[in-house]
Amino acid sequence: MIFRALKYEKYTEKLCQRLTEFQNNFRAKYDIDSYANWFYNQSTETLRLYSDDKEVYFRYIPIGTFSRNTNTWMWAWANEDSVEPRKFRTLKVKRFGEKKKYQNLTNAHFAGNEFTGWEFTAVAFDIIGGIGTYRVICEHLEIYFLLTKQITKQEVEKIENGLIECGVHGKLRKAFICQHLNTESKTGFEEAFETYPGMELDGEDDFQAWCSECEKVRIKTGGWNEESMAFAKIKLVCEKCYFDIKEMNLNERMH
Ligand SMILES: [Zn+2]
Ligand SMILES: [Zn+2]
């Protein structure tokens, strides 16, 4: 165990050095320190740095948070309060930790100190990759981001347009379901393609699901057409609602 701990220490030490060098270049290249304010948006996974006369946007992956109250680190994949779809990318770090038997990388929560956040950020940066990293401090919470690319305001708006304001869950990605699907009763759950919570969708793909009755009509009428669409009366929900309905249907399938 001691040998393993030493090995881990050496590993992270090297990565922290590497990140420090990388960050210096990153800060210089984007003139990061010249912005007076920051704002991050979980729904679009974007970080905006701005001053009165300028602004810059980055796409981010949340890495984790460090609480100065409890001195604990929490990996983003374990954070049930955050809605960022790409938080599950940090599971790549967990899988690496499992292979190497580094417990700090596999446990959801971990007691740490003032260096913990940057240490894990360096690890995530090495394993997941990115153009730089950023930390914001909200009251007692240090929040660490992996920045994946710079994006334009127009691109942010485009992501924003793909979101829906859900009365229950807030602003999340859109999902399409038939009028019969609901969170109360089991209706069957047919999907356009295999999905999982937080998955990234390519270009024109959307989350789409319908009930068993709709599936029967769809097959009978030879696919999606005027008749089957009229029966389905597709409606919009947020992605969290979508996966709540999916989970409910799958869990009760055994009855
Ligand atoms: Zn239906
Ligand atoms: Zn919802």
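**View 1. The site of the zinc ion (ligand 1) in the predicted model, with its four donor atoms.** The zinc ion (ligand 1) is held by the SG atoms of C178, C211 and C214 together with the ND1 atom of H180, at distances of 2.0 to 2.3 Å. The angles among these four donor atoms run from 103 to 114°, and the site is tetrahedral. Read along the sequence, the donor residues follow the spacing C-x1-H-x30-C-x2-C.

**View 2. The site of the zinc ion (ligand 2), with donors from C166, H169, C238 and C241.** Here the coordinating atoms are SG of C166, C238 and C241 and ND1 of H169, and they lie at 2.1 to 2.3 Å from the zinc ion (ligand 2). The arrangement is tetrahedral because the four donor atoms subtend angles of 99 to 117° around the metal. The spacing of the donor residues in sequence is C-x2-H-x68-C-x2-C. Within this set, C166 belongs to strand β8 (residues 163–166) and C238 to strand β12 (residues 235–238), so that the pair, 72 residues apart, links distant parts of the chain. Both C166 and C238 are buried.

**View 3. The largest pocket, which lies between domain 1 and domain 2.** This pocket has a volume of about 790 Å³, and 21 residues line it, with K158, I159, G162, L201 and G203 nearest its centre. Because domain 1 (2–156) and domain 2 (162–254) both give residues to the lining, the pocket lies between them. At least two lining residues come from each of β7 (141–151), α5 (153–161) and β9 (170–177), and α5 supplies the largest share, three residues. By residue type, the lining consists of 13 charged, five nonpolar and three polar residues.

**View 4. The second largest pocket and the residues that line it.** The space in the second largest pocket amounts to about 510 Å³. Its lining is made up of 24 residues, and those closest to its centre are K87, F88, P197, K240 and F243. Helix α8 (residues 239–251) contributes the largest share of this lining, seven residues, while domain 1 (2–156) and domain 2 (162–254) each provide at least three residues. The lining of the second largest pocket divides into ten nonpolar, nine charged and five polar residues.

Note on methods. Residues numbered from 1 in each chain as written. Chains lettered and ligands numbered in written order. Predicted model: local features only at pLDDT ≥ 70, side-chain atom pairs only at ≥ 80, totals over all residues. Heavy atoms only, no water. Donors = N, O, S within 2.8 Å, 3.2 Å for Na, K, Ca; no water. Tetrahedral: all angles 85-135°; square planar, octahedral: opposite > 155°, others 65-115°. Helix = DSSP H or I, 4+ residues; strand = E, 2+ residues; numbered from the N terminus. Buried < 20%, exposed > 50% of the residue type's maximum accessible area, 1.4 Å probe, protein only. 1 Å grid on protein atoms, 1.4 Å probe; cavity = no way out; pocket = protein on both sides within 12 Å on 5 of 7 lines; lining within 4 Å. Points joined across faces, edges and corners; volume = space filled by probe spheres on them. Nonpolar A, V, L, I, M, F, W, Y, C, P; charged D, E, K, R; others polar. Domains from an automatic or database assignment.
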